[in-house]
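Please look over the sequence and the structure first.

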Amino acid sequence: LSLCEQSPYETSCVVDLGWSATNVVSSHRGKACPKSIRRMPLGGRHLIRIWQYHCSYRQWNLMDQELILRECLEQSGFISLDFKGDMRSAGKWPVGL
């Protein structure tokens, strides 16, 4: 929540996607709101399993390739420290790329 304290916004939401669970914490003026803290039993492991299932079609079988999909998931994760700037730069790309 240290990034929330530096934010110019009064409210924020932190989502922590872990290996076996996801935690969601809402904050107001840099302080966590205890009643809004949620833990969902869905994490990276589950997302990789779902991704394996959907990527395994036709001649590709990725059901045994958890390491490759895990590496792709970790490298495609993105944390924005300048949300507005990143959204502006994303808007410059043509649709479909």
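The model is a predicted one. In this model Ile 50 belongs to a nonpolar patch on the surface, together with Leu 17, Met 40, Leu 42 and Leu 47. The accessible area of these residues together is about 410 Å².

**Helix 2**

Helix 2 consists of twelve residues. From the first C-alpha to the last, helix 2 reaches 16 Å, close to the 16 Å expected at 1.5 Å a residue. Which residues of helix 2 are buried? They are Gly 44, Ile 48, Gln 52 and Cys 55. These residues lie on the same side of helix 2, because the arc they cover around the axis is only 80 degrees. The exposed residues Tyr 53 and His 54 sit on the face of helix 2 that is turned away from its buried side.

**Salt bridges**

How many salt bridges does the structure hold? There are two, and the table lists them with the distance for each pair.

| Salt bridge | N to O distance |
|---|---|
| Arg 29 and Glu 10 | 3.6 Å |
| Glu 66 and Arg 49 | 3.4 Å |

In the pair of Glu 66 and Arg 49, the closest N and O atoms are 3.4 Å apart. This pair links distant parts of the chain, with Glu 66 in helix 3 (residues 66-76) and Arg 49 in helix 2, 17 residues apart. Glu 66 has a relative accessibility of 24% and so counts as partly exposed. Arg 49 is also partly exposed, because its relative accessible area is 43%.

The other salt bridge is formed by the side chains of Arg 29 and Glu 10. Arg 29 lies in the loop between strand 2 and strand 3 (31-32), and Glu 10 lies in the loop between helix 1 (2-6) and strand 1 (11-17), so this pair ties together parts that are 19 residues apart in sequence. Is Arg 29 buried or exposed? With a relative accessible area of 59%, Arg 29 is exposed, because the value is over 50%. Glu 10, at 45% relative accessibility, counts as partly exposed.

Ser 27 is part of strand 2, which spans residues 22-28. Its relative accessibility is 4%, so Ser 27 counts as buried, the limit being under 20%. The side chains of Ser 27 and Ser 12 are joined by a polar contact of 2.5 Å.

Ala 21 is located in the loop between strand 1 and strand 2. At 8% relative accessibility, Ala 21 counts as buried. Ala 21 and His 46 are 25 residues apart along the chain, and their C-alpha atoms are separated by 8.9 Å.

**The chain overall**

The chain contains four helices and four strands. Along the sequence they follow the pattern α-β-β-β-β-α-α-α. The chain has 97 residues, of which 14% count as buried.

Key: Residues numbered from 1 in each chain as written. Predicted model: local features only at pLDDT ≥ 70, side-chain atom pairs only at ≥ 80, totals over all residues. Heavy atoms only, no water. Helix = DSSP H or I, 4+ residues; strand = E, 2+ residues; numbered from the N terminus. Buried < 20%, exposed > 50% of the residue type's maximum accessible area, 1.4 Å probe, protein only. Polar contact = N/O pair within 3.5 Å; in protein donor to acceptor, adjacent residues only side chain to side chain. Patch = residues over 30% accessible without salt bridge, like charges linked within 9 Å, V, L, I, M, F, W, Y side chains within 5 Å. Areas by Shrake-Rupley, 256 points an atom, 1.4 Å probe, with all protein chains shown as cover. Salt bridge = Lys/Arg side-chain N within 4 Å of Asp/Glu carboxyl O. Expected span 1.5 Å × (residues − 1). Arc of directions from axis to C-beta.
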